[in-house]
Amino acid sequence: MPDSADAALARYAFQRKIEEIAAARGRATELISLYVSPGKQISDVMAYLRNEYAQSSNIKSRTTRKNVMWAIDSLMNRVRGFKEPPSNGVAFFVGSKAVGADKSEPVTFIVEPPEPLNTYLYRCDSTFFLDPLLAMVHEPDLWGLMVMDRAEVTLGFLRGKRVDPMRNRQSLVPSKHGRGGQSAHRFERMIEHAAHEFFVKCGEMANELFLPKKDVLKGILLGGPGATKEYFFKEGYLHYELQQKVVQPLFDVGYTDEHGLKELVGKATETLHGLELTEEKRIIQKLLTEIRRAELGLAAYGERDVREALAAGAVDTLLVSDGLRRRDVTLRCPACGKTTERSAPDDAVEGLAGGRCPHCGVAGLAIERSADLVEELYAKAAASGASVRMISTESEEGEMLLKAFGGLAAILRYPIGRRLQPAARPETPGGPWSASPI
Ligand SMILES: [Zn+2]
């Protein structure tokens, strides 16, 4: 399922922010990272900072001392602004980052993480310390896990790469090979009845654990030794909405306890990665089919058409390549005062400054505003209720989205008028948004 645009945007913005913070370098040990976990008393944090401030007056280098004391002072002002830490805690990054040969400029970042911080930490270093946040960059996929046979069932979740066992139950079903003699038939019926009861219980446990999460569960992995899992699945002991989420084929694993859950995940890894890629391929194939329609196709591609479709509120699913790194730039002409919009790769933005004005021809355009393109498009998608899907460049189809369509395409809710497009169009998604020199 594609993310809602809001969730996707929040995650993307968080990721880019972390990239930006990670890029800062201090000329010395003068970048301060402070992580405040949710339960922390602000007064304790302030006391700690006052002490650090006093200590830092001992720093030998005059410049470093000045920078560190400025950073702690600035940090105290920021921290004081909080009565208590936000529900997920908060991280501060303050310091003087190196710009050019021997200059530095003050930077301050305040990040409220998408997941609770379990770290209270103060660090002064030549880079900002980001490990606790990096772990949150990718919202982990959530999968349901279930291993079972007639004797035992264990259920859990797979969050990203972490296996969380949640429930375990042993059955009282006697072994099939327990008895012989004339009561064998009756005994057989009895154990089949006991097994049925156990499977009903297993189904109830799965429903109780997985149903409340059905909208975020990517799928359910079902495994176990022998044929019991197939029987359990085929006989419909699971709620039908969960039944549809069970990944096929079922997995053969040797254990039905916590070890079984880990074994299950090990066996499924390749399948899961394949499923993700298959889903991406499927959606790009759908896009291509729509593009190939002579008219009234439900597709838009390239930056200009996607922008138009978004503006018209016609986008159902926005497809963005995870390899896309562009910025939306507004340039102002110092001579005539008119502005020009461009989009350019991240590393080409600076190069736009000083260019020639398309309105009056005078050189010397100044960058007035520069914003992340994907973030802007996500915001537009969110505003029109479109969903967003990041497409990896791992598959041939994903690669095509990036290279042939400029990393942007959309599946539309309804067809919008299509201009006649020259055949070379997909290779040069140009128009007014082109990154070519002005
Ligand atoms: Zn001008």
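Predicted model: local features only at pLDDT ≥ 70, side-chain atom pairs only at ≥ 80, totals over all residues.
Which hand does the crossing of α9 and α10 have? Residues are numbered from 1 along each chain as its sequence is written, and side-chain values use heavy atoms, leaving out hydrogens and water.

The crossing of α9 and α10 is left-handed, that is, the near helix is turned anticlockwise from the far one by less than a right angle. Helices here are DSSP runs of H or I with at least four residues, and strands are runs of E with at least two, numbered from the N terminus. Helix α9 covers residues 303–311 and α10 residues 373–383; they pack at about 30°, with axes 10 Å apart. That makes α9 roughly parallel to α10, a label for angles under 35 degrees. Axes are lines fitted to C-alpha atoms, for helices over the stretch in contact, and angles run from 0 to 180 degrees between N-to-C directions. E303, R307 and L310 in α9 meet L373, L377, K380 and A381 in α10, where contact means heavy atoms within 4.5 Å.

Elsewhere, an open sheet of 4 strands has the order β4-β3-β2-β5, paired antiparallel; pairing requires at least two DSSP bridges between two strands. Strands β4 (103–111) and β5 (121–125) stand at the edges with a single partner strand each, so one side of each lacks a neighbour in the sheet. Between β3 (residues 90–99) and β4 there are 9 bridges, and V94 stands opposite T108 in β4. Helix α3 (residues 62–80) lies across β2 (26–36), β3, β4 and β5, at about 20° to β2.

Notes:
Parallel < 35°, antiparallel > 145°, perpendicular 65-115°, else oblique.
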